[in-house]
Amino acid sequence: MRDCVRVYLDHNAGSMLRPRAQEAMLAALADAGNASSIHAEGRRARARIEAARGPVSRLVGGSAKALVFTSGASEAIQTVLSPVWRSGGGERVFRQLLVGATEHPSVLAGGRFAAEAV
């Protein structure tokens, strides 16, 4: 019998965490604190977020200053799918959002685009 290697391709709803990511997540979950608050716990939570900006922005090739953390993909999609984009003091308005039929339902919903523009 041949050795088989299982390849998991259903990452739509979840994937295994890398051990380092799991350790970091468990450490953060064990430490209470609202990162928007000024008490010690809040400052500690804010420091954890700020410490993550550099490594995450390097990973995606972006700017740490422009990085926005969200609670998940649906919130991120709602944040980014906007018909109005502002950059460098200018504004650009898109009238239509083009998406493939195989996109996730949260993408198909169109974010902040009007239903008839998706």
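Which residues does Arg-53 touch, not counting residues up to four places away in sequence? They are Arg-46, Ala-64, Leu-67 and Phe-69. Contact here means heavy atoms within 4.5 Å.

## Basis

This is a predicted model, in which local features need pLDDT of at least 70, side-chain atom pairs count only at pLDDT 80 or more, and totals for chains, interfaces and linings use all residues. Residues are numbered from 1 along each chain as its sequence is written, and side-chain values use heavy atoms, with hydrogens and water left out.

## Arg-53

Arg-53 sits in helix α2, residues 40–60. Its relative accessible area is 16%. That makes Arg-53 buried (under 20% relative accessible area; exposed is over 50%, partly exposed in between; 1.4 Å probe, protein chains only).

## Fold and extent

The chain holds 4 helices and 2 strands. Both are DSSP runs numbered from the N terminus: helices are H or I with at least four residues, strands E with at least two. From the N terminus, the order is α-α-α-β-β-α. The radius of gyration is 19 Å, well over the 13 Å that the globule rule gives for 118 residues, so the chain is more spread out than a compact globule. The radius is taken over C-alpha atoms, and the rule is 2.2 Å times the number of residues to the power 0.38.

The C-alpha atoms fill a box of roughly 60 × 45 × 25 Å along the principal axes.

## Burial and contacts

Of the 118 residues, 15% count as buried. Among contacts between residues at least 6 apart in sequence, 23% join residues at least 24 apart.
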